[in-house]
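Q: Could you walk me through how to read the features of a model like this one? I would like the general idea each time, then the case at hand.

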Amino acid sequence: KFIDEVWNRINEESSEIQSVEVSNQNAVFNYLLHHLMALRFAKLSVNEVDVDNEALRYALIYEAAAQSYLSDTFSSGHMLLSNSDFLAPLNSFNIQIAHDHYCSEGVYVINSQGDCWQAFGDKLLQWYPYQFNKVLEACSASLLELFLVYLTSMEKTKIPVNLDK
């Protein structure tokens, strides 16, 4: 229901792209919300026959925003701290100090596949190749999903070999 409300707001309010960020939610929530909007625009773009294809452009823009949130989910400072706690406004200074500490010192993380690595934070991603590769894998999978929705929405379109893996 919430996703439908956001979708309707985007389509009714104006022809301009607008952020759908929910400020009291974390990066995962905002990634999923932007990614779902991108997927809907990708599916909708198949119905457009004009050269400009605004819906596909919107899909790519919302996906770019989604990827920003997705890469943030790999930041150690974002993994461990929550700003949605009802006491967070009273703790904002402490939360910022803890965020900065975890971002620079790093934390060890493990994913559902059993991979373990030391994650660091904001602006340090390029310095740590293993973490960078994990972010790249996630972002690539997200973009692949967008293109698969676009291509499978078309009638009589064969999916390119590289996307069909």
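Q: Which residues form one aromatic cluster here?
A: Glad to start there, and keep in mind that this is a predicted model. The cluster is made up of W7, F41, Y58 and Y62.

Q: How many aromatic pairs does a search of the whole structure find?
A: Rings are paired if their centres lie within 6.5 Å. On that basis, the search of the whole structure gives six aromatic pairs. One of them joins F41 and Y58, with 5.2 Å centre to centre and 75 degrees between the planes. Planes over 60 degrees apart count as edge-to-face, so that is the label for this geometry.

Q: Which parts does the F41 and Y58 pair tie together?
A: F41 sits in helix α2 (residues 27-45) and Y58 in helix α3, so the pair links parts that are 17 residues apart in sequence. As for burial, the cut-off is under 20% relative accessible area. F41 is buried at 3%, and Y58 is buried at 10%.

Q: What is the geometry of the pair formed by F120 and Y128?
A: That pair is stacked, with 3.9 Å centre to centre and 15 degrees between the planes. F120 counts as buried at 7% relative accessibility, while Y128, at 31%, counts as partly exposed.

Q: What do the buried residues of α6 pack against?
A: They pack against α2, α3 and β2 (116-119). Among these buried residues are C139, S142 and L146. Helix α6 itself covers residues 129-153 and reaches 36 Å from its first C-alpha to its last, close to the 36 Å expected.

Q: Is E63 buried or exposed, and which side chain of opposite charge is nearest?
A: E63 is buried yet has no salt bridge, and R40, the nearest side chain of opposite charge, is 13 Å away. E63 is placed in helix α3 (residues 54-72). Leaving aside residues up to four places away in sequence, E63 touches H35, A38, S142, L143 and L146.

Terms used: Residues numbered from 1 in each chain as written. Predicted model: local features only at pLDDT ≥ 70, side-chain atom pairs only at ≥ 80, totals over all residues. Heavy atoms only, no water. Helix = DSSP H or I, 4+ residues; strand = E, 2+ residues; numbered from the N terminus. Buried < 20%, exposed > 50% of the residue type's maximum accessible area, 1.4 Å probe, protein only. Lys, Arg positive; Asp, Glu negative; His and termini not counted. Salt bridge = Lys/Arg side-chain N within 4 Å of Asp/Glu carboxyl O. Contact = heavy atoms within 4.5 Å. Phe/Tyr/Trp six-rings, centres within 6.5 Å; stacked < 30°, edge-to-face > 60°. Expected span 1.5 Å × (residues − 1).
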